[in-house]
Amino acid sequence: MKRLFIALLALLPLSAFAQYNPETLRTAVAQPAQRLEIVLPQVNGYNIYKVDLHTHSIYSDGEVTPAFRVKEAYMDGLDAIAITEHVEYRRIEPKMLKFLKGYTGGKALKAENTDLIRNEITESGIKADLNYPVAEAVKESKKYGVLVIPGAEITREPVKIGHFNALFTKDNNTIYDPDPLQSLRNARKQGALIQHNHPGWRRTSCDKTEFEVKAYNEGLIDGIEIANGGSLYLPIVDRAREENLFVAANTDIHPTTAEYYRLKGQLRNMTLVFAKECTLKGIREALEAKRSLAMSGGYVCGDEQLLKDLFLASIKYEVISTDKKGVRTVLVTNMCSIPYQYKTSKNALPVDLLPYHSIQFKVAKDKKLNLTLTNMLCGADKHPKVTLEL
Ligand SMILES: [Zn+2]
Ligand SMILES: [Zn+2]
């Protein structure tokens, strides 16, 4: 057996050679696909996992399949994504039924209850299997090693009620109820965590509505999106702290992340989760313990101490020389993929500390190096401050 294996190995280069065609120029297009690697430090003994807790596919109103979402997340450098189709808004279902009319003797079946934001549900109920998109993504995830978190988005009228992601769901088909509060309870009953989505969307303020007050008072909300797509909800940084919610920055992606982020040279929004392991259990434990930060559009938001710990774990620094007056030259290097921005005094302009770059500081004798981290937010208008002991 062993000999056969060695013999097969020896054949491998030959078979590659056999495919070589001297008349065909292999261009750069033939390069294998390359995943973006986002390098982050370990912090307080935890790994930082890059997670998107909010995505859509063709099974609600997205443009791609759940399988594509998994591959896309892999290429974008993520460790985990939640598949969270709208329970109440499945725009593509009527098209799917038209496409499949050959199966029903040429008769196009009529889609029912695909828009429950504007219409009341009829007796026939939701006929789609809302667990299917998750199952498709889970199957695909084996190829890429990306963890799939089962979920669904409870999607109601946005101004008075709002949207909520049920995460770590067991059965998406038992979430719906005409009463939105009961929908949240149904999700909670099956052990889901509930994330308040895009809390200022289509509104003039991020203040809680009457409905939200009820949902919060009933203890139905576990986490909240500080960032969703291109919106950063500043007052929510404070609410998350005051109400002990996990924070998230998610894409809520409907088209491709390439067009929305990477073709513009940006990292996609991601929820940084500080966990022991990238499993459903590990990610859930971290969110329940509120060990997450929201990273979006160059900002990182959340708990003050966690932000400081992340920054200090991301850099290394050393005194490289001291002059006659005792002034030290300090070299600070950013060892991770997050771009940082700082100020050394109140009226100074913010300066970038780019990933994998170093900056020299002059620090007077007996002084420490104080940095205000201006692209980190631990409140609507508050930045964490760190002191580097020299
Ligand atoms: Zn939504
Ligand atoms: Zn959504």
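This is a short walk through one protein chain, from its overall layout down to a few single residues.

Okay, some ground rules. What we have here is a predicted model, where local features need pLDDT of at least 70 and side-chain atom pairs count only at pLDDT 80 or more, while totals for chains, interfaces and linings use all residues. Residues are numbered from 1 along each chain as its sequence is written, and chains are lettered from A and ligands numbered from 1 in the order in which they are written.

So, the big picture. The protein chain has 10 helices and 19 strands; those are DSSP runs, H or I of at least four residues for helices and E of at least two for strands, numbered from the N terminus. The C-alpha trace spans about 90 × 70 × 40 Å along its principal axes. Of the 390 residues, 36% count as buried. Buried means 20 or more other C-beta atoms within 10 Å of a residue's own, exposed means 12 or fewer, and partly exposed is in between, with C-beta atoms placed from the backbone.

How is the chain divided? You get domain 1 (32-302) and domain 2 (315-388), with bounds from an automatic or database domain assignment. Their centres, taken over C-alpha atoms, are 36 Å apart. Across the boundary, 12 residues of domain 1 are in contact with 11 residues of domain 2, and contact means C-beta atoms, placed from the backbone, within 7 Å. On the domain 1 side, α7 (234-242) and β11 (299-302) each supply at least two residues, and α7 gives the most, with four. That side divides into 10 nonpolar residues, one polar and one charged. Here Ala, Val, Leu, Ile, Met, Phe, Trp, Tyr, Cys and Pro count as nonpolar, Asp, Glu, Lys and Arg as charged, and the others, Gly among them, as polar.

Now the core. The largest nonpolar core has 77 residues, and I81, I226, V247, I283 and L293 touch the most other members. It draws at least three residues from each of domain 1 and domain 2. By nonpolar core I mean a set of buried Ala, Val, Leu, Ile, Met, Phe, Trp, Tyr and Cys residues joined through C-beta atoms within 7 Å.

Next, helix α5, residues 180-189. Which of its residues are buried? P180, S183, L184 and A187 are. They sit on the same side of α5, because they cover an arc of only 100 degrees around the axis, going by the directions from the helix axis to the C-beta atoms. Their cover includes β3 (147-155), β4 (163-167), β5 (193-196) and α6 (210-217). Just after α5, G191 takes a positive phi of about 90 degrees.

Two other residues have positive phi without being glycine. N44, at about 50 degrees, is in the loop between α1 (2-18) and β1 (47-52). Why does N44 count as exposed? Because it has 11 C-beta neighbours inside 10 Å. K290, with phi near 60 degrees, lies in the loop between α9 (280-288) and β10 (292-296). With 18 other C-beta atoms within 10 Å, K290 is partly exposed.

Last stop, D352, in strand β15 (residues 351-353). D352 is partly exposed, with 15 other C-beta atoms within 10 Å. Beyond four places in sequence, D352 is in contact with P339 and Q341.

Key. Contact = placed C-beta atoms within 7 Å.
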